[in-house]
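User: I am new to this structure and would like to learn how to read its features one at a time. Please show me how to begin.

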Amino acid sequence: MRDLTVSVVVPALDEAAQVPALLDSLTGFDELVLADGGSADATVALARAHPVRPAVVVDRGGRAAQCNAGAAAATGDVLVFVHADSRLPPGAPAALRAACADPRVVGGNFALRFDGGDRFARILAAVYRHQRRLGWYYGDSCVWCRRAAFDALGGFRELEIMDDYDFVRRLERHGRTVCLPGPATTSDRRWRAVGIPRTLLSWTVIRWLYVAGVPPARLARLYRVVR
């Protein structure tokens, strides 16, 4: 069987400080697509000037819309969605192809480490590992799936918040998923300022309110207050 092709889709908005290093790190993939949300900084210019020459698409409809636009532009058999402040581990392309050698596998994510290496980062990583064992994970852990699964699920729903969690829950019901060991690395920049208790409380409260049926538009307002 031919090797599966793997496309990386990066949703980004005003991430000029992250884009060069992120693109530097994405080696060994068949295709890179940066899906910009209408950045006011140099994100798009830096991406287009980068030596890896990613395809660039623009969609101002929010992160879910960016991911869908990037996926529509991509041609790979496997799609990997990488946030601008996350980094895939070395060997990720080979790990993805090996996982997909099992036809039952429809997608998954990577084990996740938060940068910084201090107590704050270690606690967040430990909580994330526990959540993953329960089948809960989010876009910062570099969610991936087969193209066929993405199409069957209709891509990301364009929600104001929890679009990644919503997609993951549907992916989990669609077939077998795998958490690849990695770890991938992500920034804790969005949480460090509010501290561990408030971070963990927000993760728990927002998720269960979403599961209980609270509209994402209301949850988005709560998320802004927490941050």
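This is a predicted model: local features need pLDDT of at least 70, side-chain atom pairs count only at pLDDT 80 or more; totals for chains, interfaces and linings use all residues.

User: How many cavities of 30 Å³ or more does a search of the whole structure find?

Analyst: Rolling a probe the size of a water molecule over the atoms shows where empty space is left. A cavity is a set of points, on a 1 Å grid over the protein atoms alone, where a 1.4 Å probe fits but cannot get out. Grid points are joined across faces, edges and corners, and the volume is the space filled by probe spheres set on the points. The search of this structure finds one cavity of 30 Å³ or more. The volume of the largest cavity is about 70 Å³.

User: Which residues line the largest cavity?

Analyst: Lining residues have an atom within 4 Å of a point. Here the lining consists of Arg-63, Cys-67, Phe-81, His-83, Gly-139, Val-143, Phe-156, Asp-163, Asp-164, Phe-167 and Val-168. By class there are six nonpolar, two polar and three charged residues. In this scheme Ala, Val, Leu, Ile, Met, Phe, Trp, Tyr, Cys and Pro are nonpolar, Asp, Glu, Lys and Arg are charged, and the others, Gly among them, are polar.

User: Which helix supplies the largest share of that lining?

Analyst: Helices (H or I, at least four residues) and strands (E, at least two) are DSSP runs, numbered from the N terminus. Helix α7 gives the largest share, four residues. Both α3 (63-73) and α7 (163-174) supply at least two residues each.

User: How far does helix α5 reach from its first C-alpha to its last?

Analyst: The expected span of a helix is 1.5 Å times one less than its number of residues. Helix α5 covers residues 119-133, has 15 residues and reaches 21 Å, close to the 21 Å expected. After α5 comes Gly-135, whose phi is positive, near 85°.

User: Which residues of α5 are buried, and which exposed residues are on the face turned away from its buried side?

Analyst: Buried means under 20% relative accessible area, exposed over 50%, and partly exposed in between (1.4 Å probe, protein chains only). The buried residues of α5 are Phe-120, Ala-121, Leu-124, Ala-125, Tyr-128, Gln-131 and Arg-132. Seen down the axis of α5, these buried residues fall within an arc of 125°, so they line one face of the helix. That arc is taken over the directions from the helix axis to the C-beta atoms. The face turned away carries the exposed residues Arg-119, Arg-122 and Arg-133. Ala-125, in helix α5, counts as buried at 6% relative accessibility.

User: How many aromatic pairs does the search find?

Analyst: Rings of Phe, Tyr and Trp (its six-membered ring) pair if their centres lie within 6.5 Å; planes under 30 degrees apart count as stacked, over 60 as edge-to-face and the rest as tilted. The search of the whole structure finds ten aromatic pairs. One of them joins Tyr-128 and Tyr-138, edge-to-face, at 6.4 Å centre to centre with 75° between the planes. Tyr-128 lies in helix α5 and Tyr-138 in the loop between α5 and β7 (144-146), so this pair ties together parts ten residues apart in sequence.

User: What kind of pair do Tyr-138 and Tyr-165 form?

Analyst: Their ring centres are 5.6 Å apart and the planes lie at 25°, so the pair is stacked. It links Tyr-138 in the loop with Tyr-165 in helix α7, 27 residues apart. Tyr-138 counts as buried at 12% relative accessibility, and Tyr-165 is buried at 4%. Phe-114, Tyr-128, Tyr-138, Tyr-165 and Tyr-210 form one aromatic cluster.

User: Which peptide bond is cis, and where is phi positive in a residue other than glycine?

Analyst: Most residues other than glycine have a negative phi, and most peptide bonds are trans. The bond from Gly-182 to Pro-183 is cis, with omega near 5°, and Pro-183 is in strand β8 (residues 176-186). Asp-14 has a positive phi, near 55°, and is found in the loop between β1 and α1 (19-25). Arg-53 also has a positive phi, near 50°. Asp-14 is partly exposed, at 40% relative accessible area, whereas Arg-53 is exposed, at 66%.

Key: Residues are numbered from 1 along each chain as its sequence is written. Side-chain values use heavy atoms; hydrogens and water are left out. On a 1 Å grid over the protein atoms alone, a cavity is a set of points where a 1.4 Å probe fits but cannot get out, and a pocket is an open set with protein on both sides within 12 Å along at least five of seven lines; lining residues have an atom within 4 Å of a point.
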